[in-house]
Amino acid sequence: MYLIGNGFDLNLGLKSSYNDFYGFYKIQESDSYPVKNFKDNISNNIDKWSDLELALGEYTKEINSLDELDDIHENIVEELAEYLTLAQKQFTKEKISSINNEKFIEDLFHPEKFLLVRDAISLRKFFGGKDRRHNFYSIVNFNYTHTAEHILGLNNISNRNSNLKIEKKEDVGLHRLDSIFHVHGTIDSDMVIGVDNAEQIINKELSNNIDATNHLIKRDCNLVMRHGIESDCEKLISEADLICIFGSSIGETDQLWWDLIAEQLKERNCRLIVFEYLPSINKRRSQLLERRRRALLKKFIAPEELEAVSKHVYFSFNSEMFFLN
């Protein structure tokens, strides 16, 4: 199964980073005084807002009431949805025809192609003890856009796309993509913008207010929406032989998911591949990548567990995974 973040859309050419959005956001008019202050804070401290969700939790110390939070949260959700809708329309109008959807499926079904030799051998050895006649794949999409669905040519798009049965038969067995779930909703519905836990909400009055946490804590927000997608995604992670993370910074506001993956790596026999874009890499001194591997592992694995778990985690830096143009 795959967990796909915004790096996937950026890789396709969408200007979907928070910094791209802020240029659009700051010129949108609002009559709300709290929203105007919020926008001014972003404009005056743009570097601090590189992660909107984490910075939003920090900014709550400037919010004086639940009503102010409601105004700000509604505004950011609606404007971000509008911006990403425009970006997605531009993608489908100008770029979708040049996208190699066959490569998308091929890459999806064969992530081991992008591993270094020793890691690829280790992963093949792991799968050598399993029945590979039927291989099932799922995508847990952290993005609000439907770019993956458009690439696959799906007609009926929703936040829960199941029973897809997109198949490819090979000599060694059948590969089938079964589902795409948007765990944080989409530009159409159930958008979740917030933090991982109450400690990331600096305003303690709001962090203890259930109406505020239903906005701001992602898990709480998903639960009150009652769609059950987060439960489906948790189940997929708990059953997957191979988990792949692509296009994600493995940030603090999604710590729930990284902790769940770490738990699986500790408690059962599964594997993880982390795909990361690292443009500053010095190819002549690739041994330095080991430092980056350890730094990434420490984001979700306790130091005392690193040695035992790290042998089940592979990294692929600057690969051509999902390079589809």
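His 146 is found in the loop between strand 2 (134-141) and helix 8 (147-152); helices (H or I, at least four residues) and strands (E, at least two) are DSSP runs, numbered from the N terminus. The structure is a predicted model, in which local features need pLDDT of at least 70 and side-chain atom pairs count only at pLDDT 80 or more, while totals for chains, interfaces and linings use all residues. Residues are numbered from 1 along each chain as its sequence is written, and side-chain values use heavy atoms, with hydrogens and water left out.

**Overall form**

- The protein contains 15 helices and eight strands.
- Its radius of gyration is 20 Å, close to the 20 Å that the globule rule gives for 325 residues, so the protein is as compact as a globular protein of that length. The radius is taken over C-alpha atoms, and the rule is 2.2 Å times the number of residues to the power 0.38.
- Taken along the principal axes, the C-alpha atoms fill a box of roughly 65 × 50 × 45 Å.
- Residues 24 or more positions apart account for 75% of the contacts with a separation of 6 or more, where contact means heavy atoms within 4.5 Å.

**Surface and charge**

- Of the 325 residues, 50% count as buried. Buried means under 20% relative accessible area, exposed over 50%, and partly exposed in between (1.4 Å probe, protein chains only).
- The protein exposes about 16,500 Å², of which carbon and sulfur atoms supply 46%. Accessible areas come from the Shrake-Rupley method with a 1.4 Å probe; for residues, only the protein chains shown count as cover.
- There are 40 positive and 53 negative charges, and their mean positions are 10 Å apart. Lys and Arg count as positive and Asp and Glu as negative, whereas His and the chain ends are not counted. The place of a charge is taken as NZ of Lys, CZ of Arg, CG of Asp or CD of Glu.

- His 146 counts as buried, at 2% relative accessibility.
- Leaving aside neighbours within four places in sequence, His 146 is in contact with Gln 88, Ile 157, Ser 158, Asn 159, His 182, Thr 186 and Asp 188.
- Asn 41 belongs to helix 3 (residues 33-44) and is likewise buried, at 16% relative accessibility.
- Beyond its neighbours within four places in sequence, Asn 41 is in contact with Lys 48, Trp 49 and Tyr 59.

- Leu 289, Arg 293, Leu 296 and Leu 297 are buried in helix 14 (residues 289-297). They cover an arc of only 100 degrees around the axis, which puts them on the same side of helix 14; the arc is that of the directions from the helix axis to the C-beta atoms.
- The buried residues of helix 14 pack against strand 7 (271-276), helix 15 (306-310) and strand 8 (313-317).
- Leu 306 has its place in helix 15 and counts as buried, at 14% relative accessibility. Apart from neighbours within four places in sequence, Leu 306 is in contact with Leu 297, Lys 298 and Ile 301.
- The C-alpha atoms of Leu 306 and Arg 291, 15 residues apart along the chain, are separated by 13 Å.
- Ile 281 lies in the loop between strand 7 and helix 14 and is partly exposed, with a relative accessible area of 26%.
- Not counting residues up to four places away in sequence, Ile 281 touches Leu 289 and Asn 318.
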